[in-house]
Amino acid sequence: MRYPDGGGLTAVERARREQVRFQAAELLAVGLKPPQVARALRVSRKSAYAWQAAWREGGMDALRSKGPSGVASRMKPVWRAWLARALEQGPAVHGWSEDQRWTLARISVLVARRFHVRFSQPQLSRILRQMGFSVQVPVHRAAERDEEQVRVWREETWARVERKVREQDAWLVFEDESGQALRPPKARTWSRIGVSPQVRVSGKGSGRVSVAGMVCAKPGERTRLIYRMLVHHPGRRREKNGFREQDFADLLEAAHQQLGGKIVLVWDNSTQHKHTLMRELLAARQRWLTVFRLPAYAPDLNPAEGVWANLKNDLGNLAACTVDALADLTRTRLKKMQYRADLLDGFITETGLTLAPP
């Protein structure tokens, strides 16, 4: 169908539908039958027959739009603009400080306080959707995050990063670490209404797979993903349960050899990245390595976070398995991403930190 039921709610949509009716009248005037008109304009036969009857009775004027139907909404455009700003401020600003949820009940109270008009919750739901709002799962953002610092990094530090990449004809490398235990992330699945789906998971041990990954970009080159993995089995004390400074240095060396050029590294302020030994290891490689640090609590600036989100989504609801099986699955998922340069480019685009073409 050209438009769904209930369409034509705005002036633009009403004008578009009016043009479709005019096209139908032109086709009917040259002798086409309603079923042929319906196929040509991708509308229902019922509409085509109704338009034919109206056209025969009143001509083109009978097909003109009669404006919005029904009673005009009490929610005025000025009220809608104010409500949009109020919702973006958050519920705490308007007195609901115990949590950070906007519910229809709270929005109804908010509108009544401001405009002394009470809307039902179904009415508010319809109005909010017309305003471009929907019910969504929020993204967690650290309370300690300094938005001004993030803004300055985007506007000033990122310009220095881009300049360094161009001057040295270097690869831009975003690095981050992630881990996955035997208890898998939860993912949505179909189930009978009223019956919560169950996923059997391992309740034994503390096996863990740790991954350090690099998203590597350079204008004119295919975006690459380089990673290293550590597997920690429960009960094996001699196995490392995480990456150490020398592991990061070895990963950088491998990336330098694989990329075949200088590297501009961007990573966060984790303890291992700032350790004295790590600073010494980085200084020993300054001939081909330049390091920039992200602002605190700003994972949204690191495209490697997109890699981990995609990986955990693929591992959702994973059936109970051993840590070695988990490592094999993780390795398989990451290897698939290595062949998806378009996917890696999407992770970079999501951060807004894209390099200009050469």
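Start with Arg-74 and Phe-119: the charged end of Arg-74 sits over the ring of Phe-119, 4.9 Å from its centre. A charge counts as over a ring if NZ of Lys or CZ of Arg is within 6 Å of the ring centre and within 35 degrees of the ring normal. This is a predicted model, with local features needing pLDDT of at least 70 and side-chain atom pairs counting only at pLDDT 80 or more, while totals for chains, interfaces and linings use all residues. Residues are numbered from 1 along each chain as its sequence is written, and side-chain values use heavy atoms, with hydrogens and water left out.

Next, select Trp-79, Trp-82 and Phe-115. These residues form one aromatic cluster. The structure holds seven aromatic pairs. Rings of Phe, Tyr and Trp (its six-membered ring) pair if their centres lie within 6.5 Å.

Strands (E, at least two residues) and helices (H or I, at least four) are DSSP runs, numbered from the N terminus. Two strands pair if DSSP finds at least two bridges between them.

Select strand 1, residues 171–181. Nine of its 11 residues are buried, so strand 1 is largely enclosed by the rest of the structure. Buried means under 20% relative accessible area, exposed over 50%, and partly exposed in between (1.4 Å probe, protein chains only).

Look for Leu-172: its bridge partner in strand 4 is Val-264.

On to strand 2, residues 208–217. Strands 1 and 2 run antiparallel and are joined by 10 bridges. Asp-176 has Gly-213 as its bridge partner in strand 2, and Glu-177 stands opposite Ala-212. Strand 2 is mostly covered, with nine of its 10 residues buried.

Follow strand 2 into strand 3. The two form a hairpin with six residues between them. Stop at Gly-220 in the turn, where phi is positive at about 85°. Nine bridges pair strand 2 with strand 3 in the antiparallel sense. Val-211 stands opposite Met-229, and Val-209 opposite Val-231.

Move to Ala-298, in the loop between strand 5 and helix 11. Ala-298 is buried, with a relative accessible area of 5%. Show Asp-268 as well: Ala-298 and Asp-268 are 30 residues apart in sequence and 8.3 Å apart in space, C-alpha to C-alpha.

Finish with helix 11 (residues 304–314) and helix 13 (residues 341–351). They pack at an angle of about 120°, with their axes 8 Å apart. That makes helix 11 oblique to helix 13. Angles under 35 degrees count as roughly parallel, over 145 as roughly antiparallel, 65 to 115 as roughly perpendicular and the rest as oblique. Helix 11 passes helix 13 in a right-handed crossing. A crossing is right-handed if the near helix is turned clockwise from the far one by less than a right angle, and left-handed if anticlockwise.

Note on methods
Rings of Phe, Tyr and Trp (its six-membered ring) pair if their centres lie within 6.5 Å; planes under 30 degrees apart count as stacked, over 60 as edge-to-face and the rest as tilted. Axes are lines fitted to C-alpha atoms, for helices over the stretch in contact, and angles run from 0 to 180 degrees between N-to-C directions.
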